Structures are given as structure tokens and as C-alpha cells.
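Please look over the sequence and the model first, then read the points below.

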Amino acid sequence: MSPDTTQHNGKVHPSPLRPMPPPSHFTPITPHLAISPTVSVVVPAMNEAENLPHVFATIPQWIDEIVLVDGNSVDDTVAVARRLRPNLKVVTQTGKGKGDALAAGFAACTSDIIVMIDADGSTDGREIINFVGALVTGADFVKGSRYAAGGRSDDLTLNRRLGNRILTGIVNVMYRTQYTDLCYGYNAFWARHLDALALDCDGFEVETLMNVRAARAGLKVHEVPSHERNRIHGESNLHVVRDGLRVLRTILKEWRRRPAPPQPEPTATPAADRGVA
């Protein structure tokens with residue numbers, strides 16, 4: 001049944017349509033598409049000055065806010081970022097690790113939708129429209145997948161591929177999910193669900209924690225295919241065995257936690273219901 005209809009005495013009755021916001025509230029995306037929610041992109045970065053020109057070139061101009069979380073870089077990361085996007089918001093990380101950086105970046109966002117991408121050039125900002133599109137059509141949390149139809153990776157080694165598959169299988173069994181990719185850093189969600197995610201980890205296990213908590217909170221999770229590229233410059237801080245064990249500990253720790261309370265319905269008309277034009 002359509003959300004704009006009700007049923008009474010066996011008969012379907014149309015409900016009054018929600019008013020559309022004025023045209024000034026929509027952000028043009030293409031000549032044929034505009035959205036009403038605002039979008040923030042969080043980019044955690046440490047010593048990524050060489051990669052940022054490529055990364056920022058892929059982020060669409062219609063994005064409302066870019067939040068760079070600087071992990072106390074010793075190169076020109078912040079200066080390069082400010083030159084590329086003068087209206088950039090910079091957050092200086094006080095802790096360590098990707099999870100800590102993302103938590104700081106999320107807290108600084110002011111938009112309806114939050115998107116997280118990597119600063120090494122492996123995630124393509126031109127895919128953001130796919131994530132936003134899934135959110136405005138009903139999803140609560142959208143996760144990129146390198147294994148969904150149309151997705152792929154240029155960077156997955158045999159060990160990383162095997163570990164990801166095993167860990168994804170464990171989560172699917174324990175939490176009754178149907179994820180195809182657990183350990184990928186390209187995700188987007190409505191900012192109103194930040195409390196449900198409640199990030200409290202430091203390292204690369206953050207993606208797993210978000211996916212598990214989204215499922216436990218009963219959020220509508222949707223996967224979109226994504227193409228992971230190779231890092232452009234520098235070396236990754238990811239260590240397969242060490243970080244794989246951290247991910248496994250996170251999965252088991254979350255399983256032992258008390259069930260998450262159901263997410264309340266938003267009191268105001270959510271941006272998803274304000275639609276796409």
C-alpha cells in the first residue's frame with residue numbers, strides 16, 4: 001500500500017499529500033534532478049596532500065559541506081585542502097585512528113545526510129549520487145559494496161578478500177543480515193541516526209561497527225555497488241591480520257551487548273519524505 005493511502009472498512013482512501021518545499025529548498029544535481037536534503041562529506045586524512053587534488057576533484061560541486069578531519073598531518077594536507085575548497089570545514093583530530101577521526105567529523109557535520117569517503121583516492125566521489133539517491137528513496141543507511149553487481153576492487157589482495165568474506169559471513173549469520181561487503185569505508189546515512197551508530201572505536205574496525213549497529217538498531221540498510229581504486233600515493237596503514245582480529249573482536253563484543261532500542265520515528269517530516277524533484 002502506498003504511504004499516501006489508508007485503509008478503512010476494507011476500502012482504500014487517499015490521504016492528503018504532504019506539501020512540497022519551495023524550489024529554493026532544492027539543490028540542483030543534474031538538469032533533470034534536484035534534492036531537498038543537504039549533504040555533508042567527511043574525509044579523514046593524515047599526510048594525504050598528494051592525493052587530495054584527485055579526491056576533491058571527484059566530489060560534486062552540489063555537496064553542501066566538506067569536513068576534513070586532519071590526523072595531525074606533517075605535510076601540507078590542510079593547506080592543500082583549503083586551496084582546493086576554500087569553504088572547507090577542518091577538524092583537527094585529538095585522538096588516533098580512523099574510527100576516532102570519523103566520530104569527530106560526524107559530530108561537526110550540519111547536513112541532513114552524511115557521506116564518508118577515503119582521502120587516498122580509492123573511493124570515487126562521483127558515486128555519491130548513488131548513495132544519496134538510495135537514502136532519499138527510503139533507506140536509512142547505505143553501504144558501498146565491492147561485491148554487489150557492478151562493484152569491484154583494484155586493491156583487494158587474496159588475504160584481504162578471504163578475510164572480508166569470512167567476517168562478512170559471520171556477521172550475516174549472527175545478525176541475520178545479507179551484506180556482501182563488510183569492511184569497506186564508503187558509507188552514507190541520515191544524520192538523525194548518529195545516536196544509533198554511536199561510534200566508540202578507534203581503528204579500521206569502524207566500518208564493521210557501523211554496519212552491525214545499523215542492523216541491530218533496525219535501520220533500513222541498502223547496498224550500492226562501488227568501484228574501489230588503488231591508493232594513488234603513499235602506503236596504507238591497514239594491517240590485514242591485526243585489523244582483521246580487531247574486526248572479529250568488534251563483532252563478538254557487539255553480540256554480547258544488550259539489544260539496541262528501536263529507533264523512534266522522527267517528529268518532523270524527514271528529508272526523505274520531502275522528496276526528489
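In which sense do β5 and β8 pair, and over how many bridges? β5 and β8 pair in the parallel sense, over four bridges; strands pair if DSSP finds at least two bridges between them. This is a predicted model, in which local features need pLDDT of at least 70 and side-chain atom pairs count only at pLDDT 80 or more, while totals for chains, interfaces and linings use all residues. Residues are numbered from 1 along each chain as its sequence is written, and side-chain values use heavy atoms, with hydrogens and water left out.

**Overall make-up**

- The chain has nine helices and 13 strands; helices (H or I, at least four residues) and strands (E, at least two) are DSSP runs, numbered from the N terminus.
- The chain holds 277 residues, and 48% of them count as buried; buried means under 20% relative accessible area, exposed over 50%, and partly exposed in between (1.4 Å probe, protein chains only).
- Among contacts between residues at least 6 apart in sequence, 76% join residues at least 24 apart; contact means heavy atoms within 4.5 Å.

- β5 (39-45) is mostly covered, with seven of its seven residues buried.
- On one side of β5 lie Val39, Val41, Val43 and Ala45, and on the other Ser40, Val42 and Pro44; all are buried, and both faces are covered.
- β5 and β6 pair in the parallel sense over six bridges, and leucine 68 in β6 is the bridge partner of valine 43.
- From β5 the chain crosses through α1 to β6 in a right-handed β-α-β crossover; right-handed means that, with the strands pointing away from the viewer, the path from the first strand over the helix to the second runs clockwise.
- β6 is also mostly covered: six of its six residues are buried.
- Glu65, Val67 and Val69 lie on one side of β6, with Ile66, Leu68 and Asp70 on the other, and all are buried.
- β6 pairs with strand β7 (residues 89-92) in the parallel sense over four bridges, and the partner of leucine 68 in β7 is valine 90.
- The crossover from β6 through α2 to β7 is a right-handed β-α-β crossover.

**Nonpolar cores**

- The largest nonpolar core has 34 residues, of which Val41, Phe56, Ile63, Ile113, Val115, Ile117 and Ile128 touch the most other members; a nonpolar core is a set of buried Ala, Val, Leu, Ile, Met, Phe, Trp, Tyr and Cys residues joined through side-chain atoms within 4.5 Å.
- At least two residues of this core come from each of β5, α1 (52-58), β6, α2 (77-84), β8 (113-116), α4 and β11.
- α4 gives the largest share of this core, six residues.
- Leaving aside neighbours within four places in sequence, isoleucine 113 is in contact with Pro37, Thr38, Val39, Ser40, Val132, Leu135, Val136, Phe189, Trp190 and Ala191.
- A second, separate core has 23 residues, including Ala101, Phe141, Cys201 and Leu219.

**Aromatic rings**

- A search of the whole structure finds five aromatic pairs; rings of Phe, Tyr and Trp (its six-membered ring) pair if their centres lie within 6.5 Å, and planes under 30 degrees apart count as stacked, over 60 as edge-to-face and the rest as tilted.
- Phenylalanine 131 and tyrosine 186 form a stacked pair, 4.4 Å centre to centre with 20° between the planes.
- This pair links distant parts of the chain, 55 residues apart: phenylalanine 131 is in helix α4 (residues 128-136) and tyrosine 186 is in the loop between α5 (158-175) and β11 (187-190).
- Phenylalanine 131 and tyrosine 186 are both buried.
- Tyrosine 175 and tryptophan 255 form an edge-to-face pair, 5.6 Å centre to centre with 85° between the planes.
- Here too distant parts of the chain are linked: tyrosine 175 is in helix α5 and tryptophan 255 in helix α8 (residues 240-256), 80 residues apart.
- Tyrosine 175 counts as buried because its relative accessibility is 13%, whereas tryptophan 255, at 49%, counts as partly exposed.
- Phe106, Phe141 and Phe189 are linked into a cluster by ring pairs.
- Lysine 143 lies over the face of tyrosine 179, at 4.7 Å from the ring centre; a charge sits over a ring if NZ of Lys or CZ of Arg is within 6 Å of the ring centre and within 35 degrees of the ring normal.
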